Amino acid sequence: MNFFFALDAETVYRKYYHKVYNYIYGQLRHREAAEDVTADVFVAALEKSGQFRGQDGAGLSTWIFAIARNMTIDYQRRAAFHREESVWPVPEKPSDMMGLTNDDNSLREPENPVVARIMEKLSKEERLLLELRYGLGLTNDEVAGVMDMKANTVSHRYGRLLEKCRKIADAPE
């Protein structure tokens, strides 16, 4: 069943736009690029809506975030190939643009120095797992769908990742 028959495109866009945009912005750290890729995600979702099956525990949010993740990776690859570099030395704050509170982007723009130190010491994949789970509030099943892994694997990685974060936080500076 085509999800745009069950939910109109505008409803889907309104429901997921902010989360998709914040995820993409967190990866690209550039407002215009994030806006472009976000728009491309929703165009692709509309064009591919016939492929959405909503089975095997994969919900609409998982499907849309998988598209967002893939399109963000594609953008980053193209940018690296073309050696595109941002002319903005300091990342813009999505909270200023989107009317968000600090809680909505605390993983990307931490004000707490301990959180900032932890995020600096994590790998890109570890930061992505934290952002999907805590920044976007996805369940382990949804994260598993986005990351193309099993929910049990996601759960184990989170456990190890949280322990690593505790050790970093407890370590002297």
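This is a predicted model: local features need pLDDT of at least 70, side-chain atom pairs count only at pLDDT 80 or more; totals for chains, interfaces and linings use all residues.
## Tyrosines of helix 2

Tyrosine 21 forms a stacked aromatic pair with tyrosine 25, in which the ring centres are 6.1 Å apart and the planes make an angle of 25°. Both tyrosine 21 and tyrosine 25 belong to helix 2, where they are 4 residues apart, about one turn of the helix. Tyrosine 25, like tyrosine 21, is buried.

## Aromatic pairs and their cluster

The count of aromatic pairs comes to 5. One of them joins tyrosine 17 to tyrosine 21, and this pair is stacked, with 6.0 Å from centre to centre and 20° between the planes. Which residues do ring pairs link into a cluster? The cluster consists of Tyr13, Tyr17, Tyr21, Tyr25 and Phe42.

## Overall architecture

The protein has 9 helices and 0 strands, and its pattern, read along the sequence, is α-α-α-α-α-α-α-α-α. Of the 173 residues in the protein, 40% are buried. When contacts between residues at least 6 apart in sequence are considered, 65% of them join residues that are at least 24 apart.

## Helix 7 against helix 8

Helix 7, which spans residues 124-135, packs with helix 8, which spans residues 140-147, at an angle of about 135°, and the axes of the two helices are 10 Å apart. That angle makes helix 7 oblique to helix 8, since an angle has to be over 145 degrees to count as roughly antiparallel. The crossing of helix 7 and helix 8 is right-handed.

On the side of helix 7, the residues that take part are Glu125, Leu128, Leu129, Leu132 and Arg133, and they meet Asn140, Val143, Val146 and Met147 of helix 8. By class, the residues of this contact between helix 7 and helix 8 comprise 6 nonpolar, 1 polar and 2 charged.

## The loop between helix 7 and helix 8

Threonine 139 is located in the loop between helix 7 and helix 8. Is threonine 139 buried, exposed or partly exposed? With a relative accessible area of 39%, threonine 139 is partly exposed, because that value falls between the 20% limit for buried residues and the 50% limit for exposed ones. Threonine 139 and threonine 62 are separated by 77 residues in sequence, while in space the distance from C-alpha to C-alpha is 9.5 Å.

## Helix 6 against helix 9

A further helix pair is formed by helix 6 (residues 113-121) and helix 9 (residues 151-170), whose axes come within 9 Å and cross at roughly 125°. Helix 6 and helix 9 are therefore oblique to each other, and their crossing is right-handed.

In this contact, Val114, Arg117, Ile118 and Lys121 of helix 6 meet Lys164, Cys165, Ile168 and Ala169 of helix 9. The residues of the contact between helix 6 and helix 9 include 5 that are nonpolar and 3 that are charged, with no polar residue among them.

Terms used: Residues are numbered from 1 along each chain as its sequence is written. Side-chain values use heavy atoms; hydrogens and water are left out. Axes are lines fitted to C-alpha atoms, for helices over the stretch in contact, and angles run from 0 to 180 degrees between N-to-C directions. Angles under 35 degrees count as roughly parallel, over 145 as roughly antiparallel, 65 to 115 as roughly perpendicular and the rest as oblique. A crossing is left-handed if the near helix is turned anticlockwise from the far one by less than a right angle, and right-handed if clockwise. Contact means heavy atoms within 4.5 Å. Ala, Val, Leu, Ile, Met, Phe, Trp, Tyr, Cys and Pro count as nonpolar, Asp, Glu, Lys and Arg as charged, and the others, Gly among them, as polar. Rings of Phe, Tyr and Trp (its six-membered ring) pair if their centres lie within 6.5 Å; planes under 30 degrees apart count as stacked, over 60 as edge-to-face and the rest as tilted. Buried means under 20% relative accessible area, exposed over 50%, partly exposed in between (1.4 Å probe, protein chains only).
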